[in-house]
Amino acid sequence: MGGDKRNRVFALTALLILGLSVTFPCCFSAANQPQTKKKSAQANKFGSSAVFPLHGNVYPLGYYSVSINIGYPAKRFDLDIDTGSDLTWVQCDAPCTGCTKPREYLYKPKNNHLQCGDPLCVAFHSPASDPCKTPDDQCDYEVEYADQGSSLGVMVNDYFPLKFTNGSQLGPRLAFGCGYDQKYPGPNTPPTTGVIGLGNGKASIVSQLSRMGLTRNVVGHCLSGQGGGFLFFGDDLVSSSGVMWTPMSRNSMENHYSSGPAELVFNGKSTGVKGLSLVFDSGSSYTYFNSQAYKAVVNLVRNDLDGKPIKETNEDKSLPICWKGRKPFKSVGDAKNFFKPLALSFINAKNVQLQLSPEDYLIVSKHGNVCFGILNGSEVGLGNLNIIGDIMLLDKMLIYDNENQRIGWAPANCNRLPNVDREYSEGNSQPIVANLGILAQHCPAYALYDQ
């Protein structure tokens, strides 16, 4: 969830419990639906991608967010991007616990909730844990994150006005959560109004768009080390060359992007730490290694710094390990010559490494010290899991190709949006509030807007 993410870990297990309370009616009436000029949807089938500007940074904000329009008339929502979960939810304009925004920035349901018999609702839970008594019951959800944050609410569907790279403008109806009970870890509440789940489960927006035939089941992001970047659905931006690919793990946990096993490399040499299973998670600001990998890399870094004009300091609490120079550092560039590169070498892919320069694992704190952006996951309940967070994904295009079951990355200029309509880019660059969902009975799958 958003806000201060020094202790935030990826949204590991989205526990979705459907069929609680709070009553909302079902589908939009014809009077409330957009008036559209009919065009052939077949022409857009798997024909394009959608691109969205991002806001945020690893430090000091600790999150990246996207502004997306929802509803008709459209309302803009600012959402924390999270590849570690698939459910998208926004704060709900209903009797609400833990809503952090004024009512005018919340999502107001309009008789558009999903029923328990909806295929997407059914996919959220196993038969053994199905709380729904009848198919006509309201489809409720609960999602719990590994950082102890959570959201409880009702599943709804609504229009998502989207402009695609082929010039088409569509308003597909997508399913998402309208959260009326949120809990946040730590003392600070997030500045965003919800979460956009980008995982590989059926509830994710890109999965829904793919099932409608509007995009390929591919999602990616490019996070700028200077702040901002872009998010995309579909494969139009994916190059046919220059991308490092590694297979998604066949035994990967549902709804998460994992790969491996991988070997940890320090300054071009093996650390002896092998067999690492890795989860790529844009919802985590920093990287978390298991205890063995963490201790190994910390010892190597400390030993390598011995005798250099940089000393570890206990005064800076920005992160667990920080170093102080002879004078305050203004950027990681000022300190990077003291540190060696890391790499993660993937065993199941030939000559594939995720190269990690000092900029990919260090930050400079507000005190002018350089701090270690790899944390001990065992200390926060992650056990043997290893989470690749935003800090290691900067200035790279990350591609999660669900159709070919692979994860790819390539160096990229994330400060510039790809070739998309300028007006659309500027119109979506202002943060405000959010979204997700699927077809309700008697509701159109999508509307086609005039260009």
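**Reading the definitions against the model**

Visitor: Why does Asp-395 count as partly exposed?

Guide: Its relative accessibility is 35%. Buried means under 20% relative accessible area, exposed means over 50%, and partly exposed is in between (1.4 Å probe, protein chains only). At 35%, Asp-395 therefore counts as partly exposed.

Visitor: What kind of model is this?

Guide: A predicted one, where local features need pLDDT of at least 70, side-chain atom pairs count only at pLDDT 80 or more, and totals for chains, interfaces and linings use all residues. Residues are numbered from 1 along each chain as its sequence is written, and side-chain values use heavy atoms, with hydrogens and water left out.

Visitor: How confident is the predictor?

Guide: pLDDT is its confidence in each residue, from 0 to 100. The protein averages 83, and 80% of the residues score at least 70.

Visitor: Which stretch has pLDDT under 50?

Guide: Residues 2-44 do, with 153 contacts beyond four places in sequence. A contact means heavy atoms within 4.5 Å. Residues 421-451 are also below 50, and that stretch has 132 contacts beyond near neighbours in sequence. Where pLDDT is low, the predicted coordinates should not be read in detail.

Visitor: What is the phi of Asn-267?

Guide: About 55°, positive although Asn-267 is not a glycine. Asn-267 sits in the loop between β13 and β14 (269-270). Its relative accessibility is 36%, so Asn-267 counts as partly exposed.

Visitor: How do you know that Cys-92 and Cys-178 form a disulfide?

Guide: Their sulfur atoms are 2.0 Å apart. A disulfide is a pair of cysteine sulfur atoms within 2.5 Å, so the pair qualifies. The link is right-handed, with 85° about the S-S bond. Cys-92 is in the loop between β4 (89-91) and α1 (119-123) and Cys-178 in strand β8 (residues 169-183), so the pair ties together parts 86 residues apart in sequence. Both Cys-92 and Cys-178 are buried.

Visitor: How many disulfides does this rule give?

Guide: The count comes to 6. Among them is Cys-116 to Cys-132, with S to S at 2.1 Å. That link is left-handed, at -70° about the S-S bond.

Visitor: What makes a nonpolar core?

Guide: It is a set of buried Ala, Val, Leu, Ile, Met, Phe, Trp, Tyr and Cys residues joined through side-chain atoms within 4.5 Å. The largest here has 92 residues; Phe-233, Phe-280, Trp-323, Phe-339 and Phe-372 have the most contacts inside it. Helix α3 (residues 291-305) gives the most to this core, with 7 residues. Apart from it lies another core, of 17 residues, among them Leu-87, Cys-116, Phe-124 and Tyr-184.

Visitor: Which residues does Phe-233 touch?

Guide: Leaving out residues up to four places away in sequence, its contacts include Phe-52, Ile-196, Leu-198 and Val-219.

Visitor: How do you know that β3 pairs with β9?

Guide: Two strands pair if DSSP finds at least two bridges between them. β3 and β9 have 3 bridges and run parallel. Asp-80 stands opposite Val-195 in β9. β4 and β9 pair over 2 bridges, in the antiparallel sense. There, Val-90 has Gly-194 of β9 as its bridge partner.

Visitor: Which way do the residues of β9 point?

Guide: Gly-194 and Ile-196 point one way, Val-195 and Gly-197 the other, and all are buried.

Visitor: Which peptide bond involving Pro-73 is cis?

Guide: The one from Tyr-72 to Pro-73, with omega near 0°. Pro-73 is in the loop between β2 (63-70) and β3 (75-82). The bond from Gly-260 to Pro-261 is also cis, with omega near 5°. Pro-261 is in strand β13 (residues 257-266).

Terms used: Helices (H or I, at least four residues) and strands (E, at least two) are DSSP runs, numbered from the N terminus.
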